[in-house]
Amino acid sequence: MTGKPDPFSVPFGTILCDWMTTARANDGPYVYRGSPEPYGDLTISPAAHVLHYGSAIFEGLKAHRQADGSLAVFRLDSHVERMATSAALLRLPRIDPDTLRRMVIDAVEANSEEVPDPPGSLYIRPTLVGTDPDIGAAARPTRSALLYVVNSPVGDYFKGGVRPLTLLLETSIPRTVPQFGMVKCGANYAMALGVTLDSMAANEAIDQVLFATGDDITETGAANFFLADDERVITRRLDESFLHGVTRASVIELAQHLGYEVEERTIDPDELIDWAERGEAFLSGTAAVLAPVGTIIRDGMTLTVGDGQPGPNTMRLRQALVDIQVGAAPDPFNWRTPVRG
Ligand code: PLP
Ligand code: COI
């Protein structure tokens, strides 16, 4: 690794590490050769299923440098499990969790020298695409597939680091179709791009679109949404319409551990007005970590959350999460998988 920029000086995900792992399935299990290979272009047919019929899923997780200099992957098993679920929901060849786990660990170990110190981390991107060379397979699942893991040293996802974000509440255009919200597939992001770009073009202060079709607040384009005060944290009840964030699940467990009451339920946009006067709001996600929300724009009206600054409960939960991720606190939930550094 030579001559790569500081991850905090370039956009998230634009530096790629020197090593990756790949496995192919061909009408059977994924065959992983058992060791990393140099990062480089992949070969697939121009007729590949993914290029025509969108059979593509991915994951996003992180490895963190620990206080003692070693490395740990955060919530590896949960991400592997979610990817296996996404594969099943898009009818991609079944993922063997042990193979994917090995591929993630091998990639991180190979790229260990590129893992920045906190607050930086190594972003891990497992990806799976259908490769059947068959342009007639619109109504057939792919039987062959390419599974691979690439890594990226990252800093902040939101430019400017930990700061109060501005969200646009979108109540008419959905992020994706309800039955695929919980699938981490590339198509969901492609579908959300138009509304996101249009919103940001209209108001450059907007950091994320908060999707609330039918007055039901679910998630933003890249994170889950929470309300908080001194006693409670509230987030949308799980169903298939939005992504079941691993960070969301972690925040819920942590909040309970810290004595907060957790409510998983629907959140109505009208509730935000009430809440903004006395409470806090934040986003959770692997890339987003736990990010304070300072402003919500609804129907052209600006709603300031609290005093518009990061709230104490938000920052307390963020610190508790980050401390476990980087090994500055014990790991009572077994969330860290140690990796050779
Ligand atoms: N919702 C969307 C649309 C996302 O892209 C992400 C990021 O992965 C999340 C929520 C948060 O999920 P996680 O905490 O598993 O990263
Ligand atoms: C993640 O947080 O891992 C995501 O997938 C968000 C992505 C838009 C970078």
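Predicted model: local features only at pLDDT ≥ 70, side-chain atom pairs only at ≥ 80, totals over all residues.
The residues around ligand 2 are Phe 58, Gly 60, Tyr 123, Arg 125, Tyr 157, Lys 184, Ala 222, Thr 286 and Ala 287. By class, this shell comprises 5 nonpolar, 2 polar and 2 charged residues. Oxygen atoms of ligand 2 take part in several polar contacts with the protein. A polar side-chain atom of Tyr 123 is found 2.6 Å from an oxygen of the ligand, and for a polar side-chain atom of Lys 184 the distance to a ligand oxygen is 2.7 Å. The backbone also contributes, with a polar atom of Ala 287 at 2.8 Å from an oxygen atom of ligand 2. The ligand exposes 290 Å² when taken alone, and the protein buries 87% of that area.

The model also contains 2 cavities of 30 Å³ or more. The largest cavity holds about 70 Å³ of space. Its lining consists of Leu 61, Lys 62, His 64, Phe 74, His 79, Val 246, Thr 247, Gly 285, Thr 286, Val 289 and Gln 325. Strand β5 (61-65) and helix α5 (246-257) each supply at least two lining residues, and β5 gives the most, with 3. The lining is made up of 4 nonpolar, 6 polar and 1 charged residues.

The second largest cavity has about 30 Å³ of space. Leu 227, Leu 272, Trp 275, Ala 276, Ala 281, Ile 296 and Val 305 form its lining. Helix α6 (residues 269-278) gives the most to this lining, with 3 residues. The lining has 7 nonpolar residues, with no polar and no charged ones.

Definitions and conventions:
Residues numbered from 1 in each chain as written. Chains lettered and ligands numbered in written order. Heavy atoms only, no water. Near = heavy atom within 4 Å. Polar contact = N/O pair within 3.5 Å; in protein donor to acceptor, adjacent residues only side chain to side chain. Areas by Shrake-Rupley, 256 points an atom, 1.4 Å probe, with all protein chains shown as cover. Nonpolar A, V, L, I, M, F, W, Y, C, P; charged D, E, K, R; others polar. 1 Å grid on protein atoms, 1.4 Å probe; cavity = no way out; pocket = protein on both sides within 12 Å on 5 of 7 lines; lining within 4 Å. Points joined across faces, edges and corners; volume = space filled by probe spheres on them. Helix = DSSP H or I, 4+ residues; strand = E, 2+ residues; numbered from the N terminus.
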